[in-house]
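User: Could you take a close look at one part of this structure with me? I would like a connected account, with the chain as a whole as the starting point.

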Amino acid sequence: MTDPRLPIEAGGAPRRVSPGTTLDDVRRQNLSQVLRFVHYRGPSSRAEITRATGLNRSTVGGLVAELGERGLVVESEALQTRRVGRPSAIVNPAETTFAITVNPEIDATEVGIVALGGRVLRTVRHRHERIPTFREFVNVVAAIIDGMRPGFAPESRIVGVGVAVPGLVRPDDASVSIAPHLGWRDAPVSALLSEATGLPVVAGNDANCGVLAESAFGAGRSVDSVVYLNGGASGIGGGISLFGSIVIGHNGQAGEFGHTLVDPAGIECHCGAIGCLETEVSRERLIAALGADSSDLDDLERALAAAWSDPASAGRREIARQIASLGVALRTIVNALNPRCVVFGGFLAAILRVVGADEIIRAIGATLPEGVRDLTLVPSTLGRDNLLIGAAELVFQRLLDDPTIVLPTEAETARRHGQRPGAPAVTPVG
């Protein structure tokens, strides 16, 4: 994952033009400013874009027109107001320009269509009878994409494919170095999936995708320091956003809070250590203690609420034990990073909603004097769409940086391959 920049406030001051910059460079930078503003802020008037970017009105008009011709924005009529004069048209991110996003897990693979502006248009969930190899995963995803494409409008433009991986992804080539719960190691998933679909593919750690999404569109929007903790079938992952940049570390391993030591006498983790957070705070252990018959998050949250309301229940004792372990990990996070906001996703969000932030903050215990001052613990506001939206952000970055990139429409792609619109060939990976 390279240069995953985020707007703390969409738009912002106009970029300075360095000496030697050509007029084409200036145009690309200005197009980027406008597209970024609309992508992150959503429907906006030309007047709002003019104020946010510092560009003059006529320049903004020309930039919006060019972005429209490129299929990146569309304009709609503004609502009538009591102000004198002609109302400014509303500029919207074009939903016909989108990313295909993928999140593999041990029980299922989810594929989504995410348009500019972060809107999820469609999802497909493919359940696994067993954990797939990375080559089987590539074949399944390529087949799903192939099945989706006949439904795309001829004017649709696919920017690329983004994969949110529950594991470590190498920043240099986007290959999966290790996804332990999936059993993948040194897996060239991006290269194979690109070969199978004919589309550019980028991959990133799932929790990094989560913090990208929450910082851009969700609970961490406009917050300068955000930690995201995701609890899923594959364990607990973490992502860090500081002042608009995602912290990925030297080898892409930053934010692996699931392997924070919380209990020296705990269970052995798959990583070889004892008492890691993800062995002590676990969806499966919750399900077993609650006697829940489903891993569905809504069902799990109802079971959590019922158990938490019964002080004598084994379920409540397990919830309390997991909260204590979570507090130990959060103490390390608070002391090391001093975040303003910690966003909980997956089953951790369900725990937070049931027990409340104060209960978990009490479990943090003693920290440095300012550690928990103004600290907020909030559930993801993007819910199940979080990782798909974050994976789309990985894909959209190159387009947001340079909106002059030529994206063929589905009709153009079909003509080039001598096919009907939306029916490319898919090459299985052996």
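Analyst: The protein chain exposes about 19000 Å², an area from the Shrake-Rupley method with a 1.4 Å probe, where for residues only the protein chains shown count as cover. Carbon and sulfur atoms supply 51% of that surface. This is a predicted model, in which local features need pLDDT of at least 70 and side-chain atom pairs count only at pLDDT 80 or more, while totals for chains, interfaces and linings use all residues. Residues are numbered from 1 along each chain as its sequence is written, and side-chain values use heavy atoms, leaving out hydrogens and water.

Of the 430 residues in the protein chain, 50% are buried; that word stands for under 20% relative accessible area, with exposed over 50% and partly exposed in between (1.4 Å probe, protein chains only). A contact here is a pair of heavy atoms within 4.5 Å. Among contacts with a separation of 6 or more, 66% link residues 24 or more positions apart. The protein chain holds 14 helices and 16 strands, which are DSSP runs (H or I, at least four residues, for helices; E, at least two, for strands) numbered from the N terminus.

Now for the close look. Two strands are taken to pair if DSSP finds at least two bridges between them; E2 and strand E3 (residues 90-93) run antiparallel and are joined by four bridges. You can find the pairing by eye at Ser76, which stands opposite Ile90 in E3.

Which elements do the buried residues of H3 pack against? They pack against H1, helix H2 (46-53), E2 and E3. Those buried residues are Val60, Gly61, Leu63, Val64, Glu66 and Leu67. The 13 residues of H3, at 1.5 Å a residue, should span 18 Å, and the end C-alpha atoms are 19 Å apart, which agrees; the expected span is 1.5 Å times one less than the number of residues.

Thr59 is also in H3 (residues 57-69), but it is partly exposed, with a relative accessible area of 27%. The C-alpha atoms of Thr59 and Leu31 are 10.0 Å from each other, though 28 residues separate them along the chain. After H3 comes Gly71, with a positive phi near 75°.

Another open sheet of three strands has the order E8-E9-E10, with antiparallel pairing. Strand E8 (168-169) and E10 are the edges there, each with a single partner strand, so one side of each has no neighbour in the sheet. Three bridges join strand E9 (residues 176-179) to E10, with Ala179 opposite Trp184 and Val176 opposite Ala187. Four residues lie between the strands of this hairpin, and Gly183 takes a positive phi near 80°.

E10 (184-187) is in turn among the elements covering the buried residues of helix H4, along with strand E7 (157-165) and helix H5 (189-197). The buried residues of H4 include Phe134, Phe137, Val141, Ile145 and Met148.
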